[in-house]
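Colleague: Could you take me through one part of this model slowly, and show me how that part is connected with what lies around it?

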Amino acid sequence: MGKFWQRISTPRLIAQFGWLVFANALLFGVPSFGTIAWTRNIYFPDATTKFLQNAPTYSIVYKLQDTLEGGFITYYMDLVIPLLIFVVLILLLGRFWCAWLCPLGLPQDLLTRLRRWLGWKRVELPPKWSVALHQMKYLGLFLVIFYTLSLGFPGLGLPGFRTSLAIPYEQLDPNRAMYVYPQIALGLLPPNTIVPILSLLTFGFFLMTCFPIRRFWCHICPAGAMMAPFNKYASIHLKKDNSKCTHCGICARVCPMEIRKVWTEREKENVTVSECVHCYRCVEECPEDGCLGVSVMGKVVLESKSPNSELTNTKEGVAT
Ligand code: SF4
Ligand code: SF4
Ligand code: SF4
């Protein structure tokens, strides 16, 4: 294993913290991303700022929800341009956001680090469960859209759904409890600011699942569902030289998204799948020189290196 400062995980961690500070710069009295005029139509998959005082919301899931709630016909232009920009960004960067910038990715990665530091083994999901779980994110996105349509279009005849399952996404988003309480502690929000009980339960669920299971929330996240279909067509992708693969399985063991395709693929060069969050743990830990790599517009910018081969002999292969 390379030294801390030589590992791809290190700049990733710095980027995750850096983005969190930048995205929440309003806390420090500095204009943040969503307050700059030319960025108004750029929406990201997930945003903590929904729950920051006076901060704009620039999460595409909330944009979708809020616009549909207001009536799509009236506001369609307000949604079409952000959606187009969003799709173009995903086609350029894939789900790069998820591993490098997402404010919900960071706490999940920190929980994994904490578990490893405590010496606890992770809970391994059986492959079939993992595949089934990955599909849940589409159900989540469907419910967000269906719920908001029932609000925005009373004429659609969905009032039963509206009253029986009246759960907007902000009540299910773990960001709420995670970021409102620190603001109360800092005196930025009044102490009597209410966090709905459902949000607390979701946050508890987030902690309980993401501690033993790596990136559990990403398996079911509706924002992930919006990115996933475009991921493998993105200009940035994982490439594999199958002639160099020894089928050791390390790439599957280290993958936080439980992806096995990089390991099992025997022919194709592009091994990016819809669930890949572009963390490059597989590239970092693959013990074969040049076997795995990251390609940006056809140019390889990162490749696996053989010095990592010491990992093949450890019991768990690598820290997971
Ligand atoms: S899938 Fe995970 S990392 Fe990606 S937007 Fe959702 S919570 Fe964030
Ligand atoms: S870690 Fe590298 S050599 Fe091992 S199975 Fe994965 S791609 Fe092949
Ligand atoms: S396939 Fe590789 S880059 Fe993608 S999520 Fe898994 S470890 Fe990360």
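The request concerns the core and the strands that follow it in the discussion, and the reply then turns to the ligand shells and some other places.

Colleague: Which residues have the most contacts inside the largest nonpolar core, and what surrounds that part of the chain?

Modeller: This is a predicted model, and I will begin with the chain as a whole before going to the core. The secondary structure comes to 15 helices and 3 strands, and buried residues make up 39% of the 320 residues in the chain. Among the contacts with a separation of 6 or more, 67% are accounted for by residues 24 or more positions apart.

The largest nonpolar core has 62 residues, and those with the most contacts inside it are Ile60, Cys251, Val262, Cys282 and Leu292. Because domain 1 (4-228) and domain 2 (232-313) both give residues to this core, the core lies between them. In soluble globular proteins, nonpolar side chains tend to be buried together. If we follow Cys251 and leave aside residues up to four places away in sequence, Cys251 touches Val262, Trp263, Cys282, Glu285, Cys286 and Leu292.

E2 and E3 form a hairpin with 2 residues between them, where Met297 in the turn has a positive phi of about 50 degrees.

Ligand 1 has its own surroundings, namely Pro45, Asp46, Cys98, Cys102, Leu104, Gly105, Trp217, Cys218, Cys221, Ala223 and Gly224. Helix H11 (216-220) and helix H12 (222-231) are the elements that give two or more residues to that shell, and by class the shell around ligand 1 has 8 nonpolar, 2 polar and 1 charged residues.

Two residues that are not glycines deserve a careful look at their backbone. Arg215, in the loop between H10 and H11, has a positive phi of about 45 degrees, and Arg215 counts as buried because there are 25 C-beta neighbours inside 10 Å. His247, in the loop between strand E1 (236-240) and helix H13 (250-254), has a positive phi of about 60 degrees, but His247 is exposed, with 11 other C-beta atoms within 10 Å.

Finally, helix H9 (residues 175-185) has Asn175, Arg176, Ala177, Met178, Tyr179 and Val180 buried. What covers these buried residues includes helix H5 (105-118), helix H8 (169-172) and helix H10 (197-210), and just after H9, Gly187 takes a positive phi of about 80 degrees.

Terms used
Residues are numbered from 1 along each chain as its sequence is written. Chains are lettered from A and ligands numbered from 1 in the order in which they are written. This is a predicted model: local features need pLDDT of at least 70, side-chain atom pairs count only at pLDDT 80 or more; totals for chains, interfaces and linings use all residues. A residue is near a molecule or strand if its C-beta atom, placed from the backbone, lies within 6 Å of it. Helices (H or I, at least four residues) and strands (E, at least two) are DSSP runs, numbered from the N terminus. Ala, Val, Leu, Ile, Met, Phe, Trp, Tyr, Cys and Pro count as nonpolar, Asp, Glu, Lys and Arg as charged, and the others, Gly among them, as polar. A residue is buried if 20 or more other C-beta atoms lie within 10 Å of its own, exposed if 12 or fewer, and partly exposed in between; C-beta atoms are placed from the backbone. Two residues are in contact if their C-beta atoms, placed from the backbone, lie within 7 Å. A nonpolar core is a set of buried Ala, Val, Leu, Ile, Met, Phe, Trp, Tyr and Cys residues joined through C-beta atoms within 7 Å. Domain bounds come from an automatic or database domain assignment. Two strands pair if DSSP finds at least two bridges between them.
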